[in-house]
Amino acid sequence: MLSSFPKELRFLLYVAGLYITFIYWGYLQEKLSKWAYSSDMKDGVVVRWEYIMVLNALMATGASLTAGILQCLSSVSSPKIPCNKFWKAAITCTLGSPLGYKAMSYISFPMVILVKSCKPVPVMTVGIMLYGTRYKWWKYLTMFLLCLGIALFSYFKTSNEKVSSEQQNLDTTSTLIGIGLVLSNLALDGYTSNEQDYIFEKFNATPLQMMQNVNAWQVLYLSFFLGSEYLLTGANSQIVRAILALQSSTELVVDIVSFVLCASLGQVLIFSVMAEFGSLTWII
């Protein structure tokens, strides 16, 4: 759709679209993690969304369907690639995402984003160590300056609030757990990004093809997990409690649908950037 535009303009349009989409997506992500929704059925009763795996399954389903529909509508033909080439990128993505959500139980969304700004480090590290990728000098310099800026920001950050030493210890422990979860998420993301780059280069996959297959594999993994949990725990499983929560609050349903739509549109833009400019450019 944007192929007739100059490369630089296409990149700026991708970036603008990503910022608009993911700023709202990020707002919804934090709201779903922490908001107490009012129940439509009983006054004074609140509903909380605590079902990360169900949310990821809905998001992956929406993204895979979106990519499939757009491929049917597109005049661009996709190369024939066996679906088993996408399982590795999907499994690290599936494992990494819940860690990012869980981190927000310990630290704020802005802090999550701040730590995630160091994402070029694991991406480049995995690329060099596992895939033999060599980057241009200015990419190493960009990564160094980015990390230096974040380190300085964190070091000189001060607080005027007076809190007890016990509260400070609790806050420090909570922050360390949250940062640890984000770093684990980044390590898995680093592998995912490099594996996707490899598939783009080796098999000449299209962005929509990558998006559809990676998300389809995620749906498979998550369905297996949720199905197994249901067989083991029955009414206490995530899938049953998530359905009850959705039936209890219209506002929650609206936020979930908006979240899935934002994620689907954002992934279309992400995979387009990755296919044309590489995963490191997208990460930076």
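Predicted model: local features only at pLDDT ≥ 70, side-chain atom pairs only at ≥ 80, totals over all residues.
**Helix α1.** I looked up residues 7-34 and found helix α1, 28 residues in length. From first C-alpha to last, α1 reaches 40 Å, close to the 40 Å expected at 1.5 Å a residue. I then listed its buried residues: R10, Y14, G17, L18, T21, W25, G26, L28, Q29, K31 and L32. I checked what covers them, and the cover includes β1 (36-38) and the helices α2 (52-73), α3 (87-103), α4 (109-116), α10 (250-277) and α11 (279-283).

**Helix α10.** At its start, I noted a side-chain oxygen of S249 within 3.2 Å of the backbone nitrogen of L252. Just after α10, I read a positive phi of about 95° at G278.

**Surface patch.** I found a nonpolar surface patch of about 760 Å², made by W137, W138, L141, F144, L145, L148 and L152. I placed W137 in helix α6, residues 137-156. W137 counts as exposed because its relative accessible area is 64%, and the cut-off for exposed is over 50%.

**N185.** I located N185 in helix α7, residues 165-203. Is N185 buried or exposed? N185 counts as buried because its relative accessibility is 2%, and buried means under 20%. Leaving aside residues up to four places away in sequence, I found that N185 touches G96, S97, L99, G100 and K116.

Conventions
Residues numbered from 1 in each chain as written. Heavy atoms only, no water. Helix = DSSP H or I, 4+ residues; strand = E, 2+ residues; numbered from the N terminus. Expected span 1.5 Å × (residues − 1). Buried < 20%, exposed > 50% of the residue type's maximum accessible area, 1.4 Å probe, protein only. Contact = heavy atoms within 4.5 Å. Patch = residues over 30% accessible without salt bridge, like charges linked within 9 Å, V, L, I, M, F, W, Y side chains within 5 Å. Areas by Shrake-Rupley, 256 points an atom, 1.4 Å probe, with all protein chains shown as cover. Salt bridge = Lys/Arg side-chain N within 4 Å of Asp/Glu carboxyl O. Polar contact = N/O pair within 3.5 Å; in protein donor to acceptor, adjacent residues only side chain to side chain.
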